[in-house]
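Subject: Structure handover

Hello,

Here is the structure I promised you. Please open it first, then read my notes below.

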Amino acid sequence: MDFFLSVSLTGLIMGIIYALMALGLTLIYSILGIVNFAHGEFYMIGGYASYLILSSLTGLHPLLVVPMAGLVGALFGLLFEILFLRPIHKDRIDRPDEYAILVTFGLSFFLINLTLAVVGPYPHRPPSFFRGTVDLGLVNVSADRLTASALSLTLVGALLLIINKTWIGKALRAVSQDKQAAAVVGIDSLSMNSIAFAAGAGLAAVAGALLAPSFSITPDVGAQPSIRSYVIIVLGGMGSIKGSIFGGIIIGLVESLAAGYFPDPSRGLRYKTAFGLVIFMLVLLFRPRGLFGRKEE
Amino acid sequence: MKSRSAVNLFVIALVLSVLVVSCGPAPTPEVIRETVVVEQTVEVEKEVEVTKEVKQEVVVTATPVPVSEMETILIGGFGPLSAPGSYQSGTQMRQATEMAVDEINEAGGILGKEVELVFGDTEGLPERGTAVTERLITQNNVVGLTGEFHSAVGLTEMEVAHKYGIPTVFAEPWADEITASGYPEIFRIAPSIEYYSSIATNYMVEVGWESIVFVVEDTDYGHLQAEGWVAQLEEAGVTDVEVIYADPATEDFTPILQRIQQDPPDMLAGVITGIGNSRMVRQACEIGLAPSAETAYYASSDAQYDEDFWENVGDCGQYVFFTFVGLPKTVWNEKTEAFVTNFEERYDHTPGAPSMEAYDATYLLLNAIEDAGTTEPEAVIKALENIRMTGALGELWFEYTSDNPVPEDEPDWMWHQWPTPSVYIIQYTEVDQTLEEAPVVFPREVSTGPLYTSP
């Protein structure tokens, strides 16, 4: 029982961080209607921003750098949205769906290779938020990972508040539900697109900065979180914030329990990702719109 | 909602491909060999049907250009410079190869010509290795090849080099089959996997560990080592050995480490290249599994990059040990000293074993061309067979050649193989210890510290 609880706790801690990462992708999809295939690279930007800022400004507490890293990611995202995605919403692109896929894939390759050329291929790790481990009774968890999870939970809560209680949140939801109706009441959908993309990229960058002390960073570090985020948003329901949160936690738990309990221990870790994907496929088969997805109209 | 359908389709395709890759066997290198099956009926007293299998190898010779007509002497390098390959090691190999070429050019070049290097990125993928080698030989017209890190890629490159008869000095792939192929064009200065594994196995046996868990990456690198260790340990009477496979890009090893912690072994090995190496060291340490008084920790050779290692693992790296291919500082020669100093000055990074091997492999190839007095492949191969050179790795030569075939009591992979590659076990006994400061703990005849220092 202790082992079950300790593995579940590990999965839950990771699941909350996965949810934060997936939320950014959901935000972008629900407002702009595109999937950002460079989402993992914003995660990578966050990690590197944190590392580079802390390397150049010694004496700064690593926690203070997390919002800075998020800001760097958000600014990159904003710039990219204005330069490359805005033409879609101004009807200047003939095949917008294909264009969106290609341009975000292009951004992904560009950012990986740019980082490889500028920072180099070697792994880096920013300093810990807090050194050592925390004894949770069943399991020792690194203070860094616990901090990342607690901050992710706080951010997810804050985002829910913003989405549900503020004018910007309501405007974003309005654009997500009906762009024309939103325009009628004076909401500028182009500005909302920029805000959503910048916020989504910023959330991925924050996730990158939060996890960099635990997992280190390399130019291609965003690949796994990125694939996992796509799975989470489809599992939870495309565009559903609640779905992303639950989807993240489910994937975190399933991956952890599978590695801990798969009958053949030699393959448990290898198939860890595959188990999450099996759950995802089952949900798609029996509930194609995902756990919390809206019905197509 | 066209985009939603497209996304769903994409994600389903992604899932299926991940599942197929996860469940499938390790990639098998393609062997370019034509097999012609001839069925023949022979009339005897009784009618018997005989099936004969005739293997026919196709050898295509590249048309050599005379040296006098060459503007420069072009050599080809290959290795992983991007994911999914081990691009940290590949980058170092390219840098070391460039450094060797620049040094030779500064000293007047080869056969009165400047040497030019064309380096191909194989991405750690066997099919890319084939394409890159084809391109280097047929498009760039290189006169020799050097480099490579991954065995699975080296095995496919070897076939292309053999097809065109281009002399190739492999720097880092360990698969026994590389030189066991017996191909006249193929030479290697990296240790074979059998030899490499035996050093770590002998160490584990000498320390006396009886239960061992290997977490190895699910690639040729991990599989080859795990197979070698399991067989050799079993032979030595150590049977409580478990192997766990992992994707090298795994972020979180904690669940499997918690599982291992239920019954902690005497030794835990994390044989993962790149970023996975430091992740596993940290995570095993964070949950209190290893390195600990109960469980020793064996890391992958990436631990040799001391600056990166300490930056990424922090205090958790103390007491970790690993296999190092190359010369420890106590036995450096002048060439090693010069190589390390120049590499650090030029690239601002500690050189690892792959860079030393790539550097020496490039010198071997170019010195052989100089010795041969021509770029004619057969003459260069002959010169390589007769070469004796002091490199950064020590005295280099190839014991078994066309004039001195591999005897029956030696393994096949000794063909065109440098017979004495240096393989050591090194342990970091202090936090932030450099590779040069860390004691060599095995083999005992060259050790500079205790056999094993426990936390």
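L111(B) counts as partly exposed, because its relative accessibility is 25% (buried means under 20% relative accessible area, exposed over 50%, partly exposed in between, with a 1.4 Å probe and protein chains only). L111(B) has a positive phi of about 50°, although it is not a glycine. Its place is the loop between helix 2 and strand 4 (114-121) of chain B (helices, H or I with at least four residues, and strands, E with at least two, are DSSP runs numbered from the N terminus).

Some ground rules. This is a predicted model, where local features need pLDDT of at least 70 and side-chain atom pairs count only at pLDDT 80 or more, while totals for chains, interfaces and linings use all residues. Residues are numbered from 1 along each chain as its sequence is written, chains are lettered from A and ligands numbered from 1 in the order in which they are written, and side-chain values use heavy atoms, with hydrogens and water left out.

Most residues other than glycine have a negative phi, and most peptide bonds are trans. H416(B) also has a positive phi, near 50°, and is not a glycine. H416(B) sits in the loop between strand 14 (394-397) and strand 15 (423-427) of chain B. H416(B) is buried, with a relative accessible area of 0%.

Chain B also has cis peptide bonds. One joins A83(B) and P84(B), with omega about 5°. P84(B) is in the loop between strand 3 (72-79) and helix 2 of chain B. Another joins A290(B) and P291(B), with omega about -5°. P291(B) lies in the loop between helix 9 (275-286) and strand 11 (296-299) of chain B.

Helices

Start with helix 2 (residues 87-106) of chain B. Its 20 residues reach 28 Å from first C-alpha to last, close to the expected 28 Å (the expected span is 1.5 Å times one less than the number of residues). Helix 2 of chain B is mostly covered, with 14 of its 20 residues buried. Just after it, G108(B) takes a positive phi of about 110°. Within helix 2 of chain B, E98(B) and R94(B) are four residues apart, so about one helical turn separates them. They form a salt bridge, with the closest N and O atoms 3.8 Å apart (a side-chain nitrogen of Lys or Arg within 4 Å of a carboxyl oxygen of Asp or Glu). E98(B) is partly exposed at 27% relative accessibility. R94(B) is partly exposed at 29%.

Helix 13 (residues 377-386) of chain B holds K382(B) and E385(B), three residues apart, about one turn of the helix. These two also form a salt bridge, at 3.6 Å between the closest N and O atoms. K382(B) is partly exposed at 32%, whereas E385(B) is buried at 7%.

Next, helix 9 (residues 223-236) of chain A. G237(A) follows, with a positive phi near 115°.

Where the chains meet

How many residues of each chain are in contact? There are 66 in chain A and 56 in chain B (contact means heavy atoms within 4.5 Å). The two chains bury about 5300 Å² between them, 56% of it on carbon and sulfur atoms (buried area is the accessible area, with a 1.4 Å probe, that two parts lose on being put together, summed over both). In chain A, Y122(A), L269(A) and R270(A) lose the most area to chain B, together 15% of what that side buries.

Six salt bridges run between chain A and chain B. D218(B) pairs with R270(A) in a salt bridge, with the closest N and O atoms 2.5 Å apart. E251(B) and R228(A) meet in a salt bridge at 2.7 Å, N to O. E251(B) lies in the loop between strand 9 (240-246) and helix 8 (254-261) of chain B, and R228(A) in helix 9 of chain A, so this pair joins two chains. Both E251(B) and R228(A) are buried. A network of salt bridges links R125(A), D144(A), R282(B) and E286(B).

Best wishes
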